Amino acid sequence: IKKRLRENLKLVRIHCNGKVYGTNPSFHIDYDRVDQCYTFILFSKPTWNTDHGGEFVCQDPLTNEYKYTPYIPNNGVLIPSYWQHKGTSPLTPDAGVRTSLAFMYTKEENYKKLLSKYQESYFFS
């Protein structure tokens, strides 16, 4: 991530997620644009049939274009944390649980500002 962004980053938060057939996740953001954060979503299920769905969807706020990324194990997506996004649910109960881990980062020089804005219990030091 550091190589791609060419920034010194600091880990802010890790979020674990699981979705099952029949759930209806909604679009959300992780941090406001002014927070200058990035989210990396890791598709963590060891095996997955892409026919079962579970893709990641985000919306680029500059173009309003929706971008779809298939759920492929041990792959992931990096987005600015202010982009609307969601992981979709499996299309069949046979798929089991669709799991992911989200890692939120900020620029190193921005970390203390975030720490004062949000509760300390959400941050790594």
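**Entry 1: the largest pocket**

I began with the lining of the largest pocket, to which β1, β6 (84-87) and β7 each supply at least two residues. The model is predicted; I take local features only at pLDDT of at least 70 and side-chain atom pairs only at pLDDT 80 or more, while totals for chains, interfaces and linings use all residues. Residues are numbered from 1 along each chain as its sequence is written, and side-chain values use heavy atoms, with hydrogens and water left out.

Strands here are DSSP runs of E with at least two residues, helices are runs of H or I with at least four, and both are numbered from the N terminus. A pocket, on a 1 Å grid over the protein atoms alone, is an open set of points where a 1.4 Å probe fits, with protein on both sides within 12 Å along at least five of seven lines; its lining residues have an atom within 4 Å of a point.

I asked which strand gives the largest share of the lining. β7 does, with five residues. By class I found five nonpolar, six polar and five charged residues. Ala, Val, Leu, Ile, Met, Phe, Trp, Tyr, Cys and Pro count as nonpolar, Asp, Glu, Lys and Arg as charged, and the others, Gly among them, as polar. The space in the pocket is about 200 Å³, taken as what is filled by probe spheres set on grid points joined across faces, edges and corners.

**Entry 2: the four-stranded sheet**

Next I traced an open sheet of four strands, in the order β1-β7-β2-β5 with antiparallel pairing. Two strands pair if DSSP finds at least two bridges between them. β1 (9-19) and β5 are the edge strands, each pairing on one side only. From one strand to the next the twist averages 20°, an angle between N-to-C directions of axes fitted to C-alpha atoms, on a scale from 0 to 180 degrees.

I looked at β1 and β7 together: ten bridges hold this antiparallel pair. Asn17 stands opposite Ser100 in β7.

**Entry 3: the three-stranded sheet**

What is the strand order in the open sheet of three? I read β4-β3-β6, with antiparallel pairing. β4 and β6 are its edges. β3 meets β4 (residues 66-69) over four bridges, and four bridges also join β3 to β6.

Phe56 has a partner on each side: Thr69 in β4 and Gly87 in β6. In the β3-β4 hairpin, six residues lie between the strands, and Asn64 takes a positive phi near 60°.

**Entry 4: the core**

Phe56 came up again in the largest nonpolar core, which has 17 residues. Such a core is a set of buried Ala, Val, Leu, Ile, Met, Phe, Trp, Tyr and Cys residues joined through side-chain atoms within 4.5 Å. Val12, Ile41, Phe43, Phe56 and Ile79 have the most contacts inside it. β2 (37-43), β3 (56-59), β5 (76-80), β7 (98-107) and α2 (111-117) give two or more residues each. β2 gives the most, with three.

**Entry 5: two loop residues**

Last, I checked Arg6, in the loop between α1 (2-5) and β1. Its phi is positive, about 55°, although Arg6 is not a glycine. Is Arg6 buried or exposed? Arg6 counts as exposed because its relative accessibility is 74%; buried means under 20%, exposed over 50% and partly exposed in between, with a 1.4 Å probe and protein chains only.

Gln36 lies in the loop between β1 and β2, and its phi is also positive, near 55°. At 35% relative accessibility, Gln36 counts as partly exposed.
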